[in-house]
Structure formats: C-alpha cells, structure tokens
Amino acid sequence: MAISRVKTWSNNEILTHTDLNSEFDNILNNALSLVSPWTANMAAGGFILTGLGLGSVSNPTVQFTGDANTGVYSSAANTLDLATDGVQAASFGASFVLRAAPEDSRTATVDVAGIIESTTSGAPAAGIGTGLQFNAESADENPSVFGSINFTATDIGAGSEDTDFVVLARTAGAAAAEIGRMTSLGAFRPGANAPATPVGNSLYRNSLVKAWVNVSGGANPVIDGDFNVSSISDGGPGIFTVNMVTAVDADGAAVAQCDISGGAVDFTSSVASVGVSSFIVFIITASTGVSVDPPTGFMAIYGG
Amino acid sequence: MKVRVFQPPGQQVQILILNEKLRLEGESDDDFLNRIAPGEVEKCNLVGLPFADIDKAEVYALDRSKRYAWRLDGKKVKIDNAVPEPRHPKQDSVDKINAATTLDELKAALSMHIKGK
C-alpha cells in the first residue's frame, strides 16, 4: 500500500492537530492508494465485482501483467470478448466467433486454428472418437439435436491408427444416425440406399459402381485395370466370370454390364448371371452368334 | 505368372487369372495362388474340381480356336482332339437351307434364318 505521508517525525516532536488532519486528508483524498497496486492475492470474500468498464480490443477491461492488449472486454451489449495481442480472438453473444489471433504469415499451408480434444481414462478401442453436435429448434424440440460430425477410430493400434470422418443426421424424426463417412483411405461411403424417390444428382449407397474391370489381350486375357476385382475366370472364348474382392450387398440387387471395343468386329455381349461375389458375361459375334474373345472388354457391376 | 486351371467334368477348362494387384511384395506364384485362389473358387463355382497351377504363357500358347477342347492332363493343359467341335449357333438354319429342295422351301428357310427363328 502506498500512502504518502505529509510529515517526517523527529525525536521528542509533538503531534499536533494539523499533523493529524493532514495525514487523514491524505488518505481520504487518495483512497485508491489503499488497494492499488496489490501486493498479495486479493480475496473478494464471496462478493461480486461490478461496474467494470467495457474496455476495448486494444485495451481490455481485464489485462495481464506486461500484456496490456490481451484480456477480457465487451464489444457490445450482451457480448463477451477475448482479445489477444489487440485482436479479437473470441466473441460470445448472439453469434460466436473463434479466431486464431493474431494472424500468422503463412501463404500456402494450413494452420491448425483450433483443437477439440477429449481423452479417456479408459482403454481406447476401435470406435472411440470425438465429435461436435449441432442443435437448433424444431416444432416440438427446443433445443433439437440436428446432427453431429465425428472423427472415429477404426484402428487404435500403435503405429497403425486409422480414423474416419463421420456425419450423423436425423431421418424421419429418429435420433441422429450415420448417413455417411469419409474413410481413412479417402473413400466416401454413403450410409443408405436411395429412397423410392431419389433426390436428383445425388449419390446413394446403391447407386455406386461396385466393381469394374478392363480385360484386354484378346485370346490371352489380361486384367489391365480394375476396381474391386480379385480375379477373372476364363471359361472359353468370350466367356468371363468376374470375381469381386468385396461382395455386393444382395444377390439380385445389382446389375452388371459389358462393353467391348474391337474395331470393325460386330461384338455383342450379355450378362449371364449376377451373384453377390461374381458375375458372368458372354461376348459373341453378333452376325454369327459365335462366342469370341474381344480385344478389350469393359465389365462393371452397379447397385447392390 | 501362373494361373490355376480347373477341369469341370466333360467340359473345357476354366482358367482362374488372379488380379496382380493383390499379390504381396515378393510373393511367389504358388504362394499367391494358394492364398487367394481358394476364396475365388467359391465365387465362381469351381469348388471341388481338380486343378493344376500352370504357367500362363504355357497355357495360352495353345490353339485358342480349339479352346473347346482344352483339357487338363496332369499338370498340363492339352488339346483333346477327340472332342468334337461345338455345333455352330446357327447350324439349324444352315441345315434347313441345305435341306431345301424347292424354291419355296429355300425361301422359307432363308426367311427363318433372317428372322432368327
């Protein structure tokens, strides 16, 4: 506490009323000197600090030693703000803003602007994750859970961690459930088949190509390119069984096709059968009906 | 590169050609076939058939025009010359045309041939 005195006392000197008045007047006229600056922690004793000034982004209401432009202030009514280095870093009110401030100087890289972290005291296992939930209001729910975005592990092994980005949303009033995910390998996996009336220009689980293969080589067939094909079986000229690595969902729920390139040769093709793990195509010469090896065959299966 | 050749009873061989993308680094042909092929035979209904693993180039060096006669013989695929050439898909039409003895019969046979009946 810094209370200045008005007089220096000497040995045997007499205290007069003038001396006392001067001393107390000094205290009354400089009340702030009784509490500022603090020389120890201050306990409010359960009372509330009121009447603070609003402050500003460059001069916050509550500041820190040696950092006068970092602290808490209020930029508007019913709004609480945080300033870092004289820049608004967060604002909580009718809308909220979170900002990495002050800005950095990057040009073509991504900054980790924020981290949402939730660890566990248990033993982590596949399925563990962290997410954000989004609430709003519906006709009968306030708040109403509208959906979530999560990052979920499919493998938590040391050095082999795999995580998926998962989107959950509500359908027909049910609780939010997975509607799709971007897997750790970058594949987008729709969560549901199309409804009876699909939304145009949309991707559904059963509207995807499930496998395709490009077979060239004519009489000596070679797999040139593929997706989800484990092998082909040569059953004779123009007869191929295409085997899939991952089966389609259900027998009969998918459709296969075969296109052929062969210059002047009048090929035609048909799909003999479609199973969950394979499909068979026949390729014939249209004019004669004789089965024949195509220079190149493009075979695919959709749906399922 | 080897393929696994299956012998269905009384029919031409089925040749399983694995996708090379599935081969592990440094994996031998035999290991590759033994690892993948058992799962494949269930997909394309070759379960229980006798088979042999043979070099692909050796198999496909055979006369493809006689593919119908390719038969598994031990550890090799051979052409069984005793196997008759399969009937041409339009042989019935050809026979009817050849059998025609009058102009009307010939016209009828040609008409059926053109219409694909």
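Mentor: Contact means heavy atoms within 4.5 Å of each other; by that rule, 27 residues of chain A are in contact with 21 residues of chain B. This is a predicted model, where local features need pLDDT of at least 70 and side-chain atom pairs count only at pLDDT 80 or more, while totals for chains, interfaces and linings use all residues. Residues are numbered from 1 along each chain as its sequence is written, chains are lettered from A and ligands numbered from 1 in the order in which they are written, and side-chain values use heavy atoms, leaving out hydrogens and water.

Trainee: What is the area buried between chain A and chain B?

Mentor: About 1,900 Å², with carbon and sulfur atoms giving 44%. Buried area is the accessible area (1.4 Å probe) that the two parts lose on being put together, summed over both.

Trainee: What makes Asp226(A) and Lys21(B) a salt bridge?

Mentor: A salt bridge needs a side-chain nitrogen of Lys or Arg within 4 Å of a carboxyl oxygen of Asp or Glu. Here the closest N and O atoms are 3.0 Å apart, so the pair qualifies.

Trainee: Why is Asp234(A) called buried?

Mentor: Buried means under 20% relative accessible area, exposed means over 50%, and partly exposed is in between (1.4 Å probe, protein chains only). Asp234(A) has 0%, so it is buried. Arg64(B), at 11%, counts as buried too.

Trainee: And why is Val229(A) called buried?

Mentor: Its relative accessible area is 1%, which is under 20%, so the word applies. Val229(A) sits in strand β13 (residues 229-236) of chain A. Leaving aside neighbours within four places in sequence, its contacts include Trp212(A), Met244(A) and, from the other chain, Asn19(B).

Trainee: What makes Glu141(A) and Arg170(A) a link between distant parts of the chain?

Mentor: They form a salt bridge, with the closest N and O atoms 2.7 Å apart. The two residues are 29 residues apart, Glu141(A) in the loop between β6 (129-136) and β7 (144-155), Arg170(A) in the loop between β8 (162-169) and β9 (177-182). Glu141(A) has 25% relative accessible area, so it is partly exposed, and Arg170(A), at 26%, is partly exposed as well.

Trainee: Asp92(B) and Arg87(B) also form a salt bridge. Why is Asp92(B) called partly exposed, and why is Arg87(B) called exposed?

Mentor: Asp92(B) is at 46%, between the two limits, so it is partly exposed. Arg87(B) is at 52%, which is over 50%, so it counts as exposed. In that pair the closest N and O atoms are 2.6 Å apart.

Trainee: How is chain B divided into domains?

Mentor: Into domain 1 (2-79) and domain 2 (87-117), with bounds from an automatic or database domain assignment. Taken over C-alpha atoms, 40 Å separate the two centres.

Definitions and conventions
Helix = DSSP H or I, 4+ residues; strand = E, 2+ residues; numbered from the N terminus.
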